[in-house]
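Colleague: I have this one open and would like to go through it with you. Could you start with whatever term we will need?

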Amino acid sequence: MEDTEILSGMAEIIQEITGVPKGDVQPDKAFIDDLEIDSLSMVEILVAAEERFGVRIPDEAARDLRTVRDAVQYIKTTGVAA
Amino acid sequence: MTDRPAVLVTGLGATTPLGGDVASTWSAMLAGRPGVRALTDTWAEELPVRIGAAVAVDPQDVLQRVRARTLDRSQQLALIAAQEAWADAGTPAVDPERLAVVVASGVGGVVTLISAYETFRDKGPRLVSPHTIPMLMPNGPAATVGLEFGARAGVHAPVSACASGSEAVAVALDVLRAGRADVVICGGTEAAIHPLCVMAFANMRALSLRNDDPAAASRPFDKARDGFVMGEGAAILVLETEQHARARGAKVYAELAGAGITSDAHHIAAPEPTGAGAARAIQLALRDADLAPTDLNHVNAHATSTPLGDVAECLALRTSLGAALDGIPVTAPKSMTGHMLGAAGAVEAVTTVLAVNEGVCPPTINIDDPDDDVDIDVVRFEPRKLQPGAAITNSFGFGGHNVTLAFREASA
């Protein structure tokens, strides 16, 4: 899967759950510091991403996903592996 | 009396089956307009009870979608009512550490709980929303309001079934008198019109079965009453110490002069038939407010339209007020709003405040043939002009909770 495809999927999920406009969900944005996503909504976003992209994001891995790029890369690599 | 502070009502907010705010609710009530309607949800088709009093304005149409999706409907309604009340109070400048919240509900986020279980069952455990607990916890509405206004002097959520809304106001009075806050945002909320809740009440034989005539189903004090109608809604009052309100030049609706709280220790759901516990609540409220029965110019009755409850309340009024009751106009707004459970006491606190403030009380509708055991002056057909003075409002809840609030005209 292409980075852009994952990015636009993540942007849709984030807009749906938090109301942050899709266009603001850029690779270098940090979920908490830039997009101001709270911890509960972050859990919801990652579960939605798991469903959408058919990947598993364990809590240990989720803790390291600081930016949108981190999440896109994680989904891309684990998706390829799966 | 002691040197405890006088407590004033400086802001009102509501969203009810009669309207999306205080003004529309109050004008519908004065016009005797019923808020009970047929339930149009498909789930209602199969049930023995197919009537209810849903809010007139859907909270999803008022709040932003993203905000609403992490709030239970009861929290949405509380937030909307609180925003109105706070604006109505003139968005008081108050030290956050002197601002408290007391917002009650009868059953909290029960619909959230049920739908979360449906997700668990149908889609699997992973998809249970991480927002479920904050949405279902009974203190959720209070916490939501506390967050909205940055209240740091304590957030409370008393739970006493259908007396919850009034108990919240009584607790707020205590908080202010105890000096723990200068301003309290208080009230009640409920959103539990769900097939499970409807049937749970219906199977207690508590609900009206008058499906063929929804607008006439809630008929407190009428001979043909056959139970209450489930409603939903929220109401919020802003209370302040007199000193705080006067210092900022606040608009004042009325004084919350006193409260009385008792418990029946009789039965988990049935009212105590003599109304003794309710009578004591009324007496305690009057004593707390330093009022005599003859000072009252209005009684807002709890009267839900159940065969037993309405009569027990009449007995309680007679026991507590004696001959003075004969000169006091009584009204039962649940004839129009249905029974908003944990919100009811708060909504009726708001309308009792308006009755005191404006010198007029709404009629009780649907009394075609008054019950022989009802020996009180129930206002019917049209609003009644009131003498200046004081009023009480009663709320009773499953569990044997009795709460009476006493309001009086605020001195200028």
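Modeller: A residue is called buried when its relative accessible area is under 20%, and please keep in mind that this is a predicted model.

Colleague: With that in hand, how many residues of strand S1 in chain B are buried?

Modeller: Strand S1 of chain B, residues 7–15, is mostly covered, with nine of its nine residues buried.

Colleague: And which strands does S1(B) pair with?

Modeller: S1(B) runs antiparallel to strand S7 (residues 233–241) of chain B and is joined to it by eight bridges, one of the pairings being B:Thr15 with B:Ala234. S1(B) is also joined by two bridges to strand S8 (residues 254–263), again antiparallel, and there B:Leu8 stands opposite B:Glu255.

Colleague: Switching to the interface, how much area do chain A and chain B bury between them?

Modeller: The two chains bury about 950 Å² between them, 49% of it on carbon and sulfur atoms. On the side of chain A, the residues that lose the most area to chain B are A:Glu16, A:Leu40 and A:Glu44, which together make up 45% of what that side buries.

Colleague: How many salt bridges are there between the chains?

Modeller: The count is four salt bridges, including one between B:Arg126 and A:Glu50, whose closest N and O atoms are 2.3 Å apart.

Colleague: Which helices of chain A supply the residues there?

Modeller: Helix H1 (3–18) and helix H2 (39–53) of chain A each supply at least two residues of the side that touches chain B, and the largest share, seven residues, comes from H2(A). The residues of that side divide into four nonpolar, four polar and six charged.

Methods
Residues are numbered from 1 along each chain as its sequence is written. Chains are lettered from A and ligands numbered from 1 in the order in which they are written. This is a predicted model: local features need pLDDT of at least 70, side-chain atom pairs count only at pLDDT 80 or more; totals for chains, interfaces and linings use all residues. Side-chain values use heavy atoms; hydrogens and water are left out. Buried area is the accessible area (1.4 Å probe) that two parts lose on being put together, summed over both. A salt bridge is a side-chain nitrogen of Lys or Arg within 4 Å of a carboxyl oxygen of Asp or Glu. Helices (H or I, at least four residues) and strands (E, at least two) are DSSP runs, numbered from the N terminus. Ala, Val, Leu, Ile, Met, Phe, Trp, Tyr, Cys and Pro count as nonpolar, Asp, Glu, Lys and Arg as charged, and the others, Gly among them, as polar. Buried means under 20% relative accessible area, exposed over 50%, partly exposed in between (1.4 Å probe, protein chains only). Two strands pair if DSSP finds at least two bridges between them.
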